[in-house]
Amino acid sequence: MSDIRLEMVKKNFGATEVIKGIDLAIDPGEFVVLVGPSGCGKSTLLNLIAGLETITEGNIYIGGKRVNDTPPRDRNIAMVFQSYALYPTKTVRNNITFGMVSRGIPKADQDAAVAEISTLLQIERLLSRKPGQLSGGQRQRVAMGRALVRKPDVFLFDEPLSNLDAKLRIEMRTEIKKLHQRLGKTIVYVTHDQIEAMTLASRIAVMDNGHIRQFADPKTIYEDPVDLFVAGFMGSPP
Ligand code: ADP
Ligand code: MG
């Protein structure tokens, strides 16, 4: 059974059709990377899966359950954005536990979760700092910590590394890959970086203008693109 399934999903903003009938089935534990030109609808598609936008037509299933009308907090999903949106006046610890506090989770459980996640992400020494005292890479780790602490089954990443410099991007890419291998969660990950897509993905979905042109493993996308668009965007040189 697939973990995330989209059935003829459409999204209009006013009169503009932005997602034009997408079918997509993502297996549990898969790392799906979504690529495509700016404005093709990648962020919108993630927002529809997360429930941050409502779909105009079609169905979305998560873990077998139809979630068209399910609010984001009940979808068992966590999202990490390009801009980390940490609370500037809160410490790293309180940024991570913020959601737990509002859900009334006991202090001891919060502490245990922070200990586990800060070890995983190697941010133990940063817990009492404020976001302004962190580097870009450290902030990105904290943002991931805040997503992980919710223990979702599905992670959505929207260009999480695009604000980082090249060296850090490579380092974080490796860490995200390791994290996926350790936790085995389902990930949908948007990037405009072809190398990131090739190294992270179990399958790549190439999007163009509200459609998915091809959904296949990186080798197939690279060596056997279905059309000139995919070839030009991701394929090997002719
Ligand atoms: P991508 O992430 O691939 O760059 P987006 O999903 O952000 O693309 O946007 C796809 C299209 O939908 C763009 O043309 C964008 O202008 C439009 N769009 C996105 N969000 C909204 C919105 N809230 N209202 C109106 N148009 C939007
Ligand atoms: Mg986007």
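This is a predicted model: local features need pLDDT of at least 70, side-chain atom pairs count only at pLDDT 80 or more; totals for chains, interfaces and linings use all residues.
Residues are numbered from 1 along each chain as its sequence is written, with chains lettered from A and ligands numbered from 1 in the order in which they are written. Local features need pLDDT of at least 70 and side-chain atom pairs count only at pLDDT 80 or more, while totals for chains, interfaces and linings use all residues.

Trainee: Why is α2 called oblique to α3?

Mentor: Helix α2 (residues 92-102) and helix α3 (residues 107-120) pack at about 130°, an angle between N-to-C directions on a scale from 0 to 180 degrees. Angles under 35 degrees count as roughly parallel, over 145 as roughly antiparallel, 65 to 115 as roughly perpendicular and the rest as oblique, which makes α2 oblique to α3.

Trainee: What makes Arg93, Ile96, Thr97 and Met100 in α2 meet residues in α3?

Mentor: Residues are in contact if their C-beta atoms, placed from the backbone, lie within 7 Å, and these four meet Gln110, Ala113, Val114 and Ile117 in α3.

Trainee: Why are β6 (77-80) and β10 (211-216) called edge strands?

Mentor: Strands pair if DSSP finds at least two bridges between them, and β6 and β10 each pair on one side only, in an open sheet ordered β6-β7-β8-β3-β9-β10.

Definitions and conventions:
Helices (H or I, at least four residues) and strands (E, at least two) are DSSP runs, numbered from the N terminus. Two residues are in contact if their C-beta atoms, placed from the backbone, lie within 7 Å.
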